[in-house]
Amino acid sequence: MGVDVFLSHSHVDKVFADAICHRLEAADIRCWVAPRDIRPGDDWAESIIDAMDQAKMLVLIFSASANNSPQVRREVERAVNKGLMVLPFRIENVPLSKSLEYFISTQHWLDAITGDLEQHLDELCHCVAMLLERLPPAASSSPAASDTAAAPAATAAIAAITPAALEAIERALALELGPIASLLVRRAMLAAPSRNQLVAALAQEIDDAAERQRFLTRCHAAG
């Protein structure tokens, strides 16, 4: 069975992890969460890496305990390196440690510090469902003939954007959104055959108008 969401949490926050897992799976969003999904006798670290290879995004249950957990930090690092989206769900108001700040963009936080937890869980479920819907479909192991014929054209379109231009665009986006920029760029490239179309598509990922304008200005300056 495939995995949609990898839940990263400190063992201290297991009650929150269980509640989130229950709510997401009630909405047909398949979760992987430790220790539930680690079979007796399996290697813990190997099970985590295998789960991340299947998952589409990581939800971080952020608290003081998670902030200081080397295990959580390693999970977030692995997720970012594997190109997974990372969505932090903050249950305690504590400053982000520098080791986690290196990997996480604060642009996409969900707060559940005050108020009704059930409402926060509903918001999280809606946000996760929306983000998963926006992911590109998994590549088929046996593409149809029409897909095979279209592949050279798609490859040529992507190749038209030079590596230097692509790097400049990703760098400009990362200044606004953080490490998630690399995933957004790769995803947008599938549907954006030109540099201008790529920049326009990525600009729509930035909610704040001032940040969006800064991104566009940097891209235009880079040529």
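Rings of Phe, Tyr and Trp (for Trp, the six-membered ring) are taken to pair if their centres lie within 6.5 Å, and the planes of a pair count as stacked under 30 degrees apart, as edge-to-face over 60 and as tilted otherwise. By this rule, the structure holds 1 aromatic pair. The pair is formed by Phe6 and Trp32, which are stacked with 4.9 Å from centre to centre and 10° between the planes. Because Phe6 belongs to strand 1 (residues 5-8) and Trp32 to strand 2, the pair ties together parts that are 26 residues apart in sequence. Both Phe6 and Trp32 are buried, where buried denotes under 20% relative accessible area, exposed over 50%, and partly exposed the range in between (1.4 Å probe, protein chains only).

The model is a predicted one, in which local features need pLDDT of at least 70 and side-chain atom pairs count only at pLDDT 80 or more, whereas totals for chains, interfaces and linings use all residues. Residues are numbered from 1 along each chain as its sequence is written, and side-chain values use heavy atoms, with hydrogens and water left out.

The secondary structure of the protein chain comprises 11 helices and 5 strands; these are DSSP runs numbered from the N terminus, with helices (H or I) of at least four residues and strands (E) of at least two. Of the 223 residues of the chain, 43% count as buried. Among contacts with a separation of 6 or more, 69% involve residues 24 or more positions apart, a contact being defined by heavy atoms within 4.5 Å.

The 5 strands form an open sheet in the order 2-1-3-4-5, with parallel pairing; two strands are considered paired if DSSP finds at least two bridges between them. Strand 2 and strand 5 (110-111) are the edge strands, each pairing on one side only. Strand 1 runs parallel to strand 3 (residues 57-62) and is joined to it by 4 bridges, and Phe6, a member of the stacked pair, has Leu58 of strand 3 as its bridge partner. Strand 3 in turn pairs with strand 4 in the parallel sense over 6 bridges, with Phe62 opposite Arg90 of strand 4. Strand 4 and strand 5 are linked in the parallel sense by 2 bridges, and here the bridge partner of Arg90 is Asp111 in strand 5. Strand 4 (residues 85-90) is largely enclosed by the rest of the structure, because 6 of its 6 residues are buried. Both of its faces are covered, with Met85, Leu87 and Phe89 buried on one side and Val86, Pro88 and Arg90 buried on the other.

Asp28, in the loop between helix 1 (14-26) and strand 2, has a phi near 65°, a positive value in a residue other than glycine. Asp28 counts as exposed because its relative accessibility is 71%. Pro35 is placed in the loop between strand 2 (31-32) and helix 2 (44-54), and the peptide bond from Ala34 to Pro35 is cis, with omega near 0°.

The axes of helix 8 (residues 163-177) and helix 10 come within 11 Å and cross at roughly 15°; axes are lines fitted to C-alpha atoms over the stretch in contact, and angles run from 0 to 180 degrees between N-to-C directions. Residues contributing to the contact include Val199 and Leu202 of helix 10 and Phe215 and Leu216 of helix 11.

Ile206 is located in the loop between helix 10 and helix 11 and counts as buried because its relative accessibility is 1%. Beyond residues up to four places away in sequence, Ile206 touches Leu173, Glu176, Leu177, Glu211, Arg212 and Phe215. The C-alpha atoms of Ile206 and Leu177 are separated by 7.6 Å, although the residues are 29 apart along the chain. Helix 9 (residues 181-189) is mostly covered, with 8 of its 9 residues buried, among them Leu183, Leu184 and Val185.
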